[in-house]
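Please look over the model below before reading my points.

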Amino acid sequence: MTGRYTLSPEAQRDIEQIREYYLNEAGAPVARHVLAQITKALRFLAGTPGAGHRRMILPSRTCGSGQCCPI
């Protein structure tokens, strides 16, 4: 696959905010590196949609010990 993807307007705004944050906090080289890593991850996910594994949906309540318990 080509690894092409389209970001929603909300995702585009999020990435712009991430860029601005790293630009202000760490400088242009770090901001470029972070954006390059995000882009690399998005391309990987677009090109290999079956990557990773499914997660169980965890129950929303806990037992007395603080551990999740079956519903």
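1. Start with the helix pair. In this predicted model, helix H1 covers residues 9–26 and helix H2 covers residues 28–47. Their axes are 7 Å apart, and the angle between them is about 150°. H1 is therefore roughly antiparallel to H2, since angles over 145 degrees count as such. The crossing of the two helices is right-handed.

2. Next, the contact itself. H1 contributes Ile15, Ile18, Arg19, Tyr22, Leu23 and Ala26. From H2 come Ala28, Val30, Ala31, Val34, Leu35, Ile38 and Leu42. By class, the residues of this contact are twelve nonpolar, one charged and no polar.

3. Which residue of H2 deserves a separate look? I would pick Arg32, which lies in that helix. Is Arg32 buried or exposed? Its relative accessible area is 56%. The cut-off for exposed is over 50%, so Arg32 counts as exposed.

4. Now the overall inventory. The protein has two helices and zero strands. The chain is 71 residues long, and 10% of them count as buried.

5. Last, contact range. What share of the contacts with a separation of 6 or more comes from residues 24 or more positions apart? The figure is 36% for this protein.

Note on methods: Residues are numbered from 1 along each chain as its sequence is written. This is a predicted model: local features need pLDDT of at least 70, side-chain atom pairs count only at pLDDT 80 or more; totals for chains, interfaces and linings use all residues. Side-chain values use heavy atoms; hydrogens and water are left out. Helices (H or I, at least four residues) and strands (E, at least two) are DSSP runs, numbered from the N terminus. Buried means under 20% relative accessible area, exposed over 50%, partly exposed in between (1.4 Å probe, protein chains only). Contact means heavy atoms within 4.5 Å. Axes are lines fitted to C-alpha atoms, for helices over the stretch in contact, and angles run from 0 to 180 degrees between N-to-C directions. Angles under 35 degrees count as roughly parallel, over 145 as roughly antiparallel, 65 to 115 as roughly perpendicular and the rest as oblique. A crossing is left-handed if the near helix is turned anticlockwise from the far one by less than a right angle, and right-handed if clockwise. Ala, Val, Leu, Ile, Met, Phe, Trp, Tyr, Cys and Pro count as nonpolar, Asp, Glu, Lys and Arg as charged, and the others, Gly among them, as polar.
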